Amino acid sequence: MSDITLCGRIAPSPPCSLPLAGMGIRAGFPSPADDYLDSSIDLNGYLMSDPDACFVVRVQGDSMSGAGIMEGDLLIVDKGRPALHGDIVVAVVDGDFTVKRLHRRHGRLALLPENPAYPVLVPQSEQELLIWGVVCGCVRRY
Amino acid sequence: MSRFALVDGNSFYTSCERVFRPDLIGKPIIVLSNNDGCVVARSAEAKAIGIPAFLPYYQVRSLCRKHRVAVFSSNYTLYGDMSRRMMNILARFAPQQDIYSIDECFLDLSGMATPLAHGRHIRQTLLDKLGLPSCVGIGPSKTLAKLANHVAKQQAHWQGVFDWADLTPAEAEGLLASMDVREVWGVGRRLAEKLHQLRIRSALDLQRADARQLKRNFNVVLERTVAELNGVSCLALDDVASSKQHIISSRSFSRQVSSLPPLSASIAHHIARAAEKLRAQGSTAAMIGVSIQTNAFGSATPYHGYTCIPLLQPSDDTLSLNQAAQAGLRQLFQPGLRYHKAGVVLMEIGDKAIQQQDMFAPAPDPRRARLMSTIDQLNRRLGKGSIRLAVEDISQDWQMRQAMRSPCYSTDPQQAIMANRQAHTSAPTGYRLYWPRRQPDSGNE
């Protein structure tokens, strides 16, 4: 069941600004947010709006491959952010952590995998569902 | 009127463990001291089973097995990090924050319109952002805030947040009367016994006691405690902090500083002072809290940096403690800000005599212990700070504004009152000199 492991904390490092290649590179670099148009980017600030409430988890398995979340990826999880319909969340199911997309519409609740090989998880009641945090970033090295 | 909140984590260590082990929600948890010696923290469920605190683990092992208690070795890296997050989040709720221990701090809520609602918001935010349960006590003085926190912990119907202002004066008196004087901040077990002999048994008795007489019989801190119980805020953190659990040293600067050297100097100074206290009571510390803050009033970017550094091995060595604290400072320091206060808290204080060696860490050099005791002896003989770390002197900018402070007449031999300093070979203004002439032997007459 457990398809992620908690792998710790984000070191409280000072902001680290990297020079931003910006619009020069075609087809690839994500459009930088307006705040970062000053030609440098602080990756911590880019990934986390509230570092004090953010934790890192490592993904196991491929149940979220459709959302571009692969085995071994590091997810930045914001514990303080309210979980809304459509968010990718870290939930607790049977005492284990799992990462799924949250469905919360018309009084119906479900945790959706993004891979047809896995089942949808439907909690018995709102109380059964424990959302640990909302995924707000994904980090992968090549 | 001034208004303070004391926020602290419920069973902090076990709560930290549970955040990352949701399978343990509702289950009993205990945390053991360094080297798994004693029980140092218990979740509410573990307390309900009847596991006593501070007992050697082997004495409760069978009880733990029977009730399937989750047992953890202490993980100071984790608790330190969660503490850092908690304090950072709490700093957003007030212009002034005083960190008191790994999971406790005072917030200054003076001038806030709805302190109780603010307190509830604080509690909910810690729960949401970190998953840590806490209690908030609010009162017009730190002593009353601390007592209020005790009420919030003990009486479940307050749902973790209690403000004295919520009670009528009669109700407040009734509550104070029901609390043993021992529960009052700064009144230890021994002092409580002496007060009991004077028929001061409850917090209410102490509130109504003759403060001046207590000052004569005990000390000025107790006199101020009485004032604090009457709603007058007059105690500083360092006055009361129980040295058995944490040693605090912090100061505001004479002028704001923005570079690293003066901050380094002040942190080194605080470490040196705190370490001296630590050695004087024969203890070691296993964790250091370092904090630096900008002036919340009138600074464009209020910043309170706080971090906890766990030590590989508990220590009372100024040099080792300073090394760790300086590493913490470098993490916190952000250029371009104007800092007005820095401080350290030594935590996880234990008895040096019963401290066990870590098999895998290098043994401390016995010469260092001798060096420390020599420094302490010299400073006692020659005056405070005569022998100090060089880094304390790399900048004087951080020194407190105390141009008008009188000398420490009674505590520092170097500053004691000088008598007969001048020989008065010439007459001071308004005086005439008179040299008594030696009388010739009267026998001649």
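This is a predicted model: local features need pLDDT of at least 70, side-chain atom pairs count only at pLDDT 80 or more; totals for chains, interfaces and linings use all residues.

**Entry: domain 1 against domain 2, chain B**

With that cut-off, I looked for salt bridges between domain 1 of chain B and domain 2 of chain B and got 0. Polar contacts do turn up there: I have 5 residue pairs between domain 1 of chain B and domain 2 of chain B, both residues at pLDDT 80 or more.

For the bounds, the domain assignment of chain B gives me domain 1 as 4-164, domain 2 as 167-230 and domain 3 as 247-353 + 365-393. Taken over C-alpha atoms, the centres of domain 1 and domain 2 of chain B sit 26 Å apart. The contact draws on 15 residues of domain 1 of chain B and 12 residues of domain 2 of chain B.

How much area do domain 1 of chain B and domain 2 of chain B bury between them? I get about 1200 Å², with 74% of it on carbon and sulfur atoms. On the domain 1 side, B:Thr143, B:Leu147 and B:Trp164 lose the most area to domain 2 of chain B, together 48% of what that side buries.

Next I asked which elements supply the domain 1 side. Helix 6 and strand 8 (161-163) of chain B each supply at least two residues of the side that touches domain 2 of chain B. Helix 6 of chain B gives the most, with 7 residues. By type, the residues on that side of domain 1 of chain B split into 8 nonpolar, 4 polar and 3 charged.

**Entry: salt bridges elsewhere**

Over all chains, I count 19 salt bridges. I picked out three.

The pair A:Asp52 and B:Arg84 has its N and O at 3.8 Å. This one crosses between chains: A:Asp52 is in the loop between helix 1 (43-47) and strand 4 (54-59) of chain A, and B:Arg84 is in helix 4 (residues 76-91) of chain B.

B:Arg18 pairs with B:Glu45, the closest N and O atoms being 3.5 Å apart. B:Arg18 belongs to helix 1 (residues 12-19) of chain B and B:Glu45 to helix 2 (residues 44-49) of chain B, so I am looking at partners 27 residues apart in the chain. B:Arg18 does count as buried, because its relative accessible area is 18% and the limit is under 20%.

B:Lys146 and B:Glu104 make a salt bridge at 2.7 Å, N to O. B:Lys146 is in helix 6 (residues 142-154) of chain B and B:Glu104 in strand 6 (residues 104-108) of chain B, 42 residues apart. Both B:Lys146 and B:Glu104 are buried.

I then followed shared partners. Salt bridges join A:Asp50, A:Asp52, B:Asp81, B:Arg84, B:Arg85, B:Arg92 and B:Lys129 into one network.

**Entry: B:His270**

I found B:His270 in helix 13 (residues 260-280) of chain B. It is buried, with a relative accessible area of 0%. Which residues is B:His270 in contact with, leaving aside its neighbours within four places in sequence? My list reads B:Ser249, B:Ser250, B:Arg251, B:Ala342, B:Gly343 and B:Val344.

Most residues other than glycine have a negative phi, so I went looking for exceptions. B:Gln159 has a positive phi of about 55 degrees and is not a glycine. B:Gln159 lies in the loop between helix 6 and strand 8 of chain B, and is exposed at 61% relative accessible area. B:Glu348 also shows a positive phi, near 55 degrees, but B:Glu348 is in strand 12 (residues 339-351) of chain B.

**Entry: chain B overall**

I logged 15 helices and 12 strands for chain B. Buried residues make up 47% of its 445 residues. Among contacts in chain B between residues at least 6 apart in sequence, 66% join residues at least 24 apart.

Notes: Residues are numbered from 1 along each chain as its sequence is written. Chains are lettered from A and ligands numbered from 1 in the order in which they are written. Side-chain values use heavy atoms; hydrogens and water are left out. A salt bridge is a side-chain nitrogen of Lys or Arg within 4 Å of a carboxyl oxygen of Asp or Glu. Helices (H or I, at least four residues) and strands (E, at least two) are DSSP runs, numbered from the N terminus. Buried means under 20% relative accessible area, exposed over 50%, partly exposed in between (1.4 Å probe, protein chains only). Contact means heavy atoms within 4.5 Å. Domain bounds come from an automatic or database domain assignment. Buried area is the accessible area (1.4 Å probe) that two parts lose on being put together, summed over both. A polar contact is a pair of N or O atoms within 3.5 Å; within protein, one must be able to donate a hydrogen and the other to accept it, and residues adjacent in sequence count only if both atoms are side-chain atoms. Ala, Val, Leu, Ile, Met, Phe, Trp, Tyr, Cys and Pro count as nonpolar, Asp, Glu, Lys and Arg as charged, and the others, Gly among them, as polar.
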